[in-house]
Amino acid sequence: MPIAAQQVTGQQAQDFALTDMYGKTVKLSDYRGKTVVLEWNNPGCPFVQKHYTSGNMQKTQAAARADGAVWLTINSGAPGKQGHMTGTEAQSFVRKTDAKPTDYLLDPRGVVGKAYDARTTPHMYIVDASGTLVYQGGIDDRPTADVADIKGARNHVLAALDELKAGKAVSVAETRPYGCSVKYAS
């Protein structure tokens, strides 16, 4: 399924199909009618570690899912590059970190990551129930790898999800993503 070069906030998010950590094919369109959060992940990245070792990412995942959102964590790391994982390794990561995604998807060729212009880990996207991309950017407004900076940060993902739940437009629809570069094959 061909994917456009970059996703534009306010327009329909392109559908994609990826294999999950159990070998099952998952499509974005499987979740039409629900809000979907996409999180680009690289467990070797200090910025990702900041949000996972502190429990911030897991709390954000759990809050989103408790409100009915679907959370898809995507790993676009290429084989031989930092962060690349097999399905078994992804299962271990989810278990060890007590992560709360709906599913963990593998994109080792980087097709979906490049199509969404995912540049960093974490890089966050929110697709509303109608399939429109309503947010893309950082998880929060503190672009550091310091766990202490989580306190007092504006969690852009939770703020956007709260606005959607209240029937409002997302007031901050794009922010600068921060973290490690996605480790694509080329």
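By class, the lining of the largest cavity comprises one nonpolar, 10 polar and one charged residues, where Ala, Val, Leu, Ile, Met, Phe, Trp, Tyr, Cys and Pro count as nonpolar, Asp, Glu, Lys and Arg as charged, and the others, Gly among them, as polar. The model is a predicted one, in which local features need pLDDT of at least 70 and side-chain atom pairs count only at pLDDT 80 or more, while totals for chains, interfaces and linings use all residues. Residues are numbered from 1 along each chain as its sequence is written, and side-chain values use heavy atoms, with hydrogens and water left out.

A cavity here is a set of points, on a 1 Å grid over the protein atoms alone, where a 1.4 Å probe fits but cannot get out; lining residues have an atom within 4 Å of a point. Grid points are joined across faces, edges and corners, and a volume is the space filled by probe spheres set on the points. One cavity of 30 Å³ or more is counted by this rule, and the volume of the largest is about 50 Å³. Its lining includes Asn 41, Asn 42, Gly 77, His 84, Val 182 and Lys 183.

The pLDDT (the predictor's confidence in each residue, from 0 to 100) averages 94 over the protein, with 97% of the residues scoring at least 70. Residues 1–5 have a pLDDT below 50, and this stretch has 14 contacts in the model beyond near neighbours in sequence, a contact being heavy atoms within 4.5 Å. Where pLDDT is low, the predicted coordinates should not be read in detail.

Helices (H or I, at least four residues) and strands (E, at least two) are DSSP runs, numbered from the N terminus. In helix α2 (residues 56–66), the buried residues are Asn 56, Met 57, Gln 58, Thr 60, Gln 61 and Ala 64; buried means under 20% relative accessible area, exposed over 50%, and partly exposed in between (1.4 Å probe, protein chains only). The partners against which these buried residues pack include β3 (36–40), α1 (46–53) and β4 (70–75). Just after α2 comes Gly 68, with a positive phi of about 95°.

Strands pair if DSSP finds at least two bridges between them. Strand β1 (residues 17–20) pairs with β2 (residues 25–27) in the antiparallel sense over three bridges, with Leu 18 bridged to Val 26. Four residues separate the two strands of this hairpin, and Gly 23 in the turn has a positive phi of about 90°.

Notes:
On a 1 Å grid over the protein atoms alone, a cavity is a set of points where a 1.4 Å probe fits but cannot get out, and a pocket is an open set with protein on both sides within 12 Å along at least five of seven lines; lining residues have an atom within 4 Å of a point.
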